[in-house]
Each structure stands twice: as structure tokens, then as C-alpha cells.
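Welcome! Here is a short tour for someone meeting this structure for the first time. Please keep the sequence and the 3D view open as you read.

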Amino acid sequence: MLWHTTKSNGQSASLWKPLFMLLTIFATPLTYAANAEAARVLELSDRFLEVYNQGQWLVMFYAPWCGYCKRTEPIFGQVAQELHGLNIRVGKVDCTRFTNVAREMQIRAYPTIMFLKGNAKYVYNGDRTKEDLVDYALRMSGPPVQMVTRPESIDMLKGSHTIFFMYVGDQQGVMWESYYAAAENYQQYGFFYATTPDIASQHFEFEHLPAVLVYKEELHHLYPYAHVAHEMDVSAINDTIHHWVNVERFTTFPKITRFNIKQILLTKKFLVVAVVEEDKLNQVATHELEFRDMVEGVIRKHRDRYHDTFQFAWMGDPSLAHSFILDTLPTPHLIVINSTTEQHYIPDDEPLKMTPQAIHVFLESIHNESATPLGGDTYLVRIRRVFFEAKKGLLDMWKGNPVLTTVIFGLPCGFLSLILYSIFCGDCFVANDEDDDHEKTE
Ligand SMILES: *[C@@H]1O[C@H](CO)[C@@H](O)[C@H](O)[C@H]1NC(C)=O
Ligand SMILES: *[C@@H]1O[C@H](CO)[C@@H](O)[C@H](O)[C@H]1NC(C)=O
Ligand SMILES: *[C@@H]1O[C@H](CO)[C@@H](O)[C@H](O)[C@H]1NC(C)=O
């Protein structure tokens, strides 16, 4: 057999067994719920290397000891459940047992999630949520541009996707080719469709053909150069459509996570980020929510004014923001990041007292370059970053396990201070003696 399901994998690591038993005692309700779904995830072995290029695979490469893998596992089970019946096989490989697979697939981090199609391998770098993973697998399994042949299909697309791209018109010529190339390049990040003017006109407004548009959060926006593409330089049209797709693939006010931040920085816009703090249940305190909503309101009401230069967003994890400003700030707060230079701006105003008007003034001063940027990717900042990350790492370690941290850093420090004490204290005593002598002679 090429693979066996999770349950028959009982013998894997006998060392882990007692630990697992302990865990199951505490996690029984969860385990039961997850088991039915997890059973759809194929547990792959070395022989995966012989079949990975046949058909389509969504595979998680994991290590049993990795905490992120454990957290992703139940989600992956739900993804498998959702994709059941489609021709995408969902599996996972224990890289500590099947090191050949890990080597061949060049796995450098756990978990790594990949989509494999023929000989093409794509590493997933989005959020590890069920919705995002399912969307990703669906996108990757089809051709880069999918044809829409019925008007009702567009209603379905509107219902199921927050964002999608649509080409309207003859599927030939330079605009079509450039659209197709952009779709190939961004297939991992967006849905791309094409349809006829008849079908499209029942849903979207456009004056010229061909038309390219993005549907986003119940509105649609046109790519401005589609109908003049034939008059433009081929490389210019290719560059502008790539650029347009690159910036339009984000929602108006996305949540920035450690997974998508690299992609959002690629917009090369100023990122205007409302930083709040989510607790473990993804809840945000009311006053922080109000602040976030106020910032969101600014871009929703003034898209035309800001869309070209500013990408608005929010963060639920302040430590992400801290790694830009190399400092900590209480939440909520606002930071603006120049995505080219990674320099940042922080308003002087007390965030909770900020009004939309104050934000307008603040953004205007960034736009007209009268505000002074801080930080960035200079040599000095890089050194500061190393110290900041080290300090943060130590603090996180301390929060996670104070005893262990004390042992690891405390013991060597203890020895060191003993050694230092024995070296210097001879001197101390001498000095004291001399002092005493002085007093006596006076
Ligand atoms: C089109 O533009 C993209 C991004 O700018 C580039 O990667 C790609 O090579 C270009 N393709 C052609 C055919 O010029
Ligand atoms: C970022 O900073 C660079 C260098 O100062 C500047 O050229 C660019 O316009 C700024 N803005 C954005 C959105 O990148
Ligand atoms: C830049 O914008 C700010 C805020 O609106 C304004 O006070 C300042 O005068 C502007 N500076 C320039 C050089 O236009």
C-alpha cells in the first residue's frame, strides 16, 4: 500500500506514547471530533516519491514534535474533508521518519504545506485557516484562468469569493495574453476568470472591450488600460497588468498576519496599520475595536483619495508591529510603513483620541514628505533589530518557561559571578583594608 490512514499508524514513536495518552485524557472531546476528518488525510511514506507527480496533491510535511504542526493538523483534517470527492489528494508526511521525502522536497521548516501538480511544486505561504487552504487548493487545481459560461455562475462566484478577477472579451491578442500571464503568476493568490460580454454585462458595468475587472467586497473596479492595450508596448501592458493584479489582490482592510505580511509589503504602497491586541480567542477589547473601525471607515469612505498610495490594514498581533518599530507601544495604535524602505511613521496624537480628520492630516504629511520617517533597513537599524529580536526571544522564553530560562541563563551567570567574585574580591578586601588603615592613621 502506498499510504495508510492515521489510525493504522499506531506504532510510530513509542517514546511519544505516554505523552500522547496524557494528552488524550485532557483532549478527548476534541480528538473524537477531529478523528473522522483526520482519517481523510493520507499518511504518506517514502513511496510518495514515486507517485507525487501523478495527479494533484495537497501535502503537509510535519514533525511530530512541532507545535505549529499539531495546531495545523485538525485544520488540515477539515480541509481534507472539504476537498473530499474532488481530484485533489490530501496527505501528510512525517519528515522525521521519511527523511528521504523531506530531502527530496527540500523541506526547511515544519509544517510546510505544498501543492503538487505534475512536476510543479508550490509552497503555500498563506494563513493556515480552513477557508484559505481550501481556496488555495481549489485555485491551484484548475487552470490559471477558468471560463465562466453561464450568468448564474457569476452569482455563485460573488457568493463564494471575496475577491476575483474577470476578463471580458475575445480571448486573443495582447491584453488576453498578458492577463493570462498575470493569472499564471498570481494563481496562488487569486481567482482568475474569463467570460463573454453577454454574461458579464448582466453583472458588471464596463464601456469598452476587452475589459478586465476585479470584483472586491461587492464592488467592482476596472483595470484602466484594457481597451487601449493594443496601442501600448507589449512589455508596458504586461508590467501594468502585473502591477495592478499585485495591488488589487488584497481586500480593502485585510488583517495582517506573519504569513501574509511579505505579500502585502509587495504592494509597494504605504501600509496604514491599525494595531490592536487579540486574545487567544481572537477577541479584541471594545475600545480597540472602535479604533480599528474608525481607521477602516477612513479607507471605505475615501477609497479614491488613498487607494493608489496607501494600503490600509489591521493587525491583531502587536509583536509584528514591534518588529518594525523595534520598540513596544501600547495598543491600540496606528503605524504607517513605507513598504519599499520599511521605514515607519507614528502619529503624535493619542490614538484613542484620533479622528478621521487627524488621520487625513497625518497621511497627507507622509504623502507630501513633510513627516520624518523612522527606522528602515539601514545598517544601524539592522544591528538594533538583532538586539531587539534577541531581547524579545529571551522575554518570550521567560514567559513560556521561567524555570527553564533561569536554569539555562541563570546557571552560567551564577558560575560567572562566582568566578568574577573570586577574581575581584581579593582586591575588594585589600581596598577595604587600606581604607581601614587610613581611618586609623587619621
Ligand atoms: C511580465 O511582467 C512580469 C512582472 O513584471 C514579469 O515577471 C514577466 O517576466 C513579464 N513577462 C513578459 C513576457 O514580459
Ligand atoms: C518610500 O520611501 C522611498 C525612499 O524615500 C520613496 O521613494 C517612496 O516614494 C516612499 N513611498 C512608498 C510608498 O514606497
Ligand atoms: C504637508 O501636509 C501637511 C498636513 O496637511 C501640511 O500641514 C503641510 O503644510 C504640507 N507641507 C507641504 C510642504 O506641502
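A polar contact is a pair of N or O atoms within 3.5 Å; within protein, one must be able to donate a hydrogen and the other to accept it. Keep in mind, too, that this is a predicted model.

**A residue in a strand**

With that definition in hand, look at Q56, whose side chain makes a polar contact with the side chain of N87 at 3.4 Å. Q56 belongs to strand 3, which covers residues 56-62. Is Q56 buried or exposed? Q56 counts as buried because its relative accessibility is 10%, and buried means under 20%. Leaving aside residues up to four places away in sequence, Q56 touches N87, I88, R89, F115, L116, K117, M140 and S141.

**Ligand 1**

Now turn to the ligands. Which residues are found around ligand 1? They are N238, D239 and H242. A polar side-chain atom of N238 lies 2.3 Å from an oxygen atom of this ligand. For D239, the distance from a polar side-chain atom to an oxygen atom of ligand 1 is 3.4 Å, and an N or O atom in the side chain of H242 is 3.4 Å from an oxygen atom of ligand 1. On its own, ligand 1 has 360 Å² of accessible area, and the protein covers 36% of that.

**Ligand 2**

Around ligand 2 you will find K268, K269, F270, N338, T340 and T341. This shell divides into one nonpolar, three polar and two charged residues. An oxygen atom of ligand 2 lies 2.2 Å from a polar side-chain atom of N338, and an oxygen atom of ligand 2 is 2.7 Å from an N or O atom in the side chain of T340. The protein covers 53% of the 360 Å² of accessible area that ligand 2 has on its own.

**Ligand 3**

The residues around ligand 3 are V361, E364, S365, N368 and S370. One of these residues is nonpolar, three are polar and one is charged. N368 has a polar side-chain atom 2.4 Å from an oxygen atom of ligand 3.

**The distances side by side**

| Residue | Ligand | Distance from side-chain atom to ligand oxygen |
|---|---|---|
| N238 | ligand 1 | 2.3 Å |
| D239 | ligand 1 | 3.4 Å |
| H242 | ligand 1 | 3.4 Å |
| N338 | ligand 2 | 2.2 Å |
| T340 | ligand 2 | 2.7 Å |
| N368 | ligand 3 | 2.4 Å |

Definitions and conventions:
Residues are numbered from 1 along each chain as its sequence is written. Chains are lettered from A and ligands numbered from 1 in the order in which they are written. This is a predicted model: local features need pLDDT of at least 70, side-chain atom pairs count only at pLDDT 80 or more; totals for chains, interfaces and linings use all residues. Side-chain values use heavy atoms; hydrogens and water are left out. A residue is near a molecule or strand if one of its heavy atoms lies within 4 Å of it. Ala, Val, Leu, Ile, Met, Phe, Trp, Tyr, Cys and Pro count as nonpolar, Asp, Glu, Lys and Arg as charged, and the others, Gly among them, as polar. Accessible areas come from the Shrake-Rupley method with a 1.4 Å probe; for residues, only the protein chains shown count as cover. Helices (H or I, at least four residues) and strands (E, at least two) are DSSP runs, numbered from the N terminus. Buried means under 20% relative accessible area, exposed over 50%, partly exposed in between (1.4 Å probe, protein chains only). Contact means heavy atoms within 4.5 Å.
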